[in-house]
Amino acid sequence: MRVYLDNAASTPVLPEVIEAMSGLMREAYGNPSSIHKEGREGRTIIESARKRVAARLNASIGEIFFTSGGTEATNMAIKCSVRDLCVTDIVSSATEHHCVLHSLRDVQQNCKVRLHMLALDEWGRPSLDSLDTKLAELAGRKVLVTLMHANNETGNLIDLQAFGELCKAHGALLHSDTVQTTGHLDIDLQTLPIDFITGAAHKFHGPKGVGFVYVSNEQIVRPFVDGGSQERNMRGGTENLYGIAGLAQAFELAYEHLEDRRTYIQDLRHDFVHRLRQLEPKIRVNTDLAGANLYTVLSVSFPYTLKSELLLFNLDIAGIAASGGSACSSGADAGSHVISAMYGPQDDMVTVRFSFSHLNTAEEVDYVLGKISGFLGVTRAANATAV
């Protein structure tokens, strides 16, 4: 049996998405920038996809630009804000994704932008009060605030509406890395005061290598990738026609089935964590299950032993895919920067992120818990009934 519980890293592509893409691969081969019939057909496919994405986000079609993924989209939002919107100060947090942190380091070193890190609450969320204080201190400067909607390692959510309203009150720009939440939570860009958000298709059962950035009509930035006039003069290079079509198909499916999927995944995760606590009462849950969290993610830390140290390795051998944190850090032995920011050095704990999708089953949960019980040498019944 093979069980996939690393959906925060990437999700399986749905059959309907594969079918939509493969059909176009056979039939839509024209360059979307060409003026002949085949080119016009390609352009129509891309603009239809843009319209579908914009409609689900309640945005204008002129505010959606397709990219190679969430990392490029985030780089574009941050670096174009500095280059084109005269940003001199950026406010962020230590628990952001590496595409944010590394972009911040780049603009700090090469553009002399000043960085300001917010205080965190006990769940690793940036503090709204800390932001209020910091923006008051930076009054008169051009400020960009960049904070992720849901942390990719813990799933803990910020109140994006509250942060957006605070930024607007202080005249600051706001970018949010919404890669983990687009396709999983409702986002209404007509009511949310925000300037940039980013998404990636492979987080909501679409293909890899394609994403999007929302740029509010109120912000005018120049192309991030120079070349031709593709993406409404905002990103040079021939568009990934098939990927864009797959993104739009997966996005629509995600929102059509959002509530059913959410209820199903929440129940599955609740059963999993309840029974996991029965197996090992000393685990620490890093996801704020009683507060605001993304229902697909569960981060837990096991007490360090020689057995728990090898847990991820043994899970993989047993056919179970999970992770120690962000997939972008795979192969590194420095540990999770998110968990370290929350708790300090974690030599006495081993952290595992389990992340779920609607494709997971109760039988898979039974299988995983049974294997964890065996690996850790736990004698409690792995299939104890959840209450």
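Reader: Why are helix 5 and helix 6 called roughly parallel to each other?

Author: In this predicted model, helix 5 (residues 128-137) and helix 6 (residues 160-170) pack at an angle of about 10 degrees, with their axes 10 Å apart. Angles under 35 degrees count as roughly parallel, and the two helices are therefore given that description. Their crossing is right-handed.

Reader: Which residues make the contact of helix 5 and helix 6, and what is the contact made of by class?

Author: Helix 5 contributes L128, L131, D132, L135 and A136, while helix 6 contributes A162, F163, L166, C167 and H170. Sorted by class, the contact has eight nonpolar residues, one polar and one charged. Asp counts as charged, so D132 of helix 5 is the charged one.

Reader: What makes strand 2 and strand 4 edge strands?

Author: Seven strands form an open sheet with mixed pairing, in the order 2-8-7-6-5-3-4, and strand 2 (64-67) and strand 4 (114-117) each pair on one side only. Neighbouring strands of this sheet are turned by 20 degrees against each other on average, direction ignored.

Reader: How do you know that strand 2 and strand 8 pair?

Author: Pairing requires at least two bridges, and strand 2 and strand 8 (residues 211-215) have four, in the antiparallel sense; T67 stands opposite G211 of strand 8. Helix 2 (residues 37-57) lies across strand 2, strand 7 (196-200) and strand 8, and runs at about 120 degrees to strand 2.

Notes:
Residues numbered from 1 in each chain as written. Predicted model: local features only at pLDDT ≥ 70, side-chain atom pairs only at ≥ 80, totals over all residues. Heavy atoms only, no water. Axes fitted to C-alpha atoms, helices over the stretch in contact; angles between N-to-C directions. Contact = heavy atoms within 4.5 Å. Parallel < 35°, antiparallel > 145°, perpendicular 65-115°, else oblique. Left-handed = near helix turned anticlockwise from the far one by under 90°.
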